[in-house]
Amino acid sequence: MKRVDTILEIAKKTMIQEADAIAALVPLLTSDFAGSVELILNSKGRVIVTGIGKSANIASKIVATFNSTGTPSIFMHAADAIHGDLGSVQPDDVVVCISKSGNTPEIKVLVPLIKMLGNKIIAIVGNVDSFLAKEVDFVLNTTVASEACPNNLAPTSSTTAQLVMGDALAVALLEMRGFTSSDFAKYHPGGALGKMLYLTVGDLCKNNELPKVNPEDKIRKVIIEISTKRLGVAAVINPDGSIAGIVTDGDLRRMLQNEESVSHLTAAEIMNPTPKLIEESEKAVNALQVMRTFNITSLLVVRNNLYVGVVHLHDILKEGII
């Protein structure tokens, strides 16, 4: 077998083994999962997620998922917790403790301290006979048959199982709360995902120039308007303020190819009388979809059918929306 084939076989085997480990979690779900969700939903505090080693790394990621989906959460490293950070746990907080073995020295010290504070504890644990599993209020079983590592040592399947259990908690919580795409946008205002949900066409075009000409304006004026406003288009506006059409730089090129003399032509004679329009309140991602559908790079923006601006493909792509 070629070296590349060997490498690919290792990757496939790892993925299949981890996928099987995740599938095996489904029958391990019990009423403790529902109880954990209800506990967090009814809590007036935050979710404190803790662990040690690779479980701490997973805990940190779960915290990020909780926070981005409407469940206030903070990460507390188990080792740091028993050396001063336990003070971050407030009376109404729920603690989620993650551990494969459930028997690490730090966990054995930490759990009794949390119980003394009176906080409820949820365990995401790979050993239901462990110290951790026996001491907590709810047990989420993430037992795996083996690690994907050929030596059955490196945390692979086990950490994937922990991560999936955390995701299941987060999704159950957001659905029970009725968490919407608008809520999601509130927590992601600076990212591309959030911008897809809240950024409007009006937000994008407000800083652009407003290229426009009259129907009777000659070609020279049209060219100057398109050139100086640098958006590649000019709206053709009737005296009553309504949109008569649009002239693009493509229209100008076609005109030059088809006409020997152009100085006498007017905007009305070369414009497209059926330009694609979009309301300024529409989402930017919808504008992108229109551009892709019609293979164009600009849209005239309107408010109550009156021309208020131009949104260009580059405006959208610059915001990371693709």
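1. The largest pocket holds about 400 Å³ of space. A pocket here is an open set of points on a 1 Å grid over the protein atoms alone, where a 1.4 Å probe fits, with protein on both sides within 12 Å along at least five of seven lines; lining residues have an atom within 4 Å of a point. The volume is the space filled by probe spheres set on the points, which are joined across faces, edges and corners.

2. This is a predicted model, in which local features need pLDDT of at least 70 and side-chain atom pairs count only at pLDDT 80 or more, while totals for chains, interfaces and linings use all residues. Residues are numbered from 1 along each chain as its sequence is written, and side-chain values use heavy atoms, leaving out hydrogens and water.

3. Of the 20 residues lining the largest pocket, V233, T248, I296, T297 and S298 are the closest to its centre. Helix α12 (249–258) gives the most to this lining, with 5 residues. Helices are DSSP runs of H or I, at least four residues, and strands runs of E, at least two, numbered from the N terminus.

4. The second largest pocket has about 170 Å³ of space. Its lining has 14 residues, with I52, S55, S99, K100 and S101 nearest the centre. Here α7 gives the most, with 3 residues.

5. F66 touches V47, V49, T71, S73, G166, L169, A170 and L173, leaving aside residues up to four places away in sequence; contact means heavy atoms within 4.5 Å.

6. Strands β10 (298–303) and β11 run antiparallel, joined by 6 bridges; pairing requires at least two DSSP bridges. R303 has L306 as its bridge partner in β11. The hairpin has 2 residues between the strands, and N304 takes a positive phi near 55 degrees.
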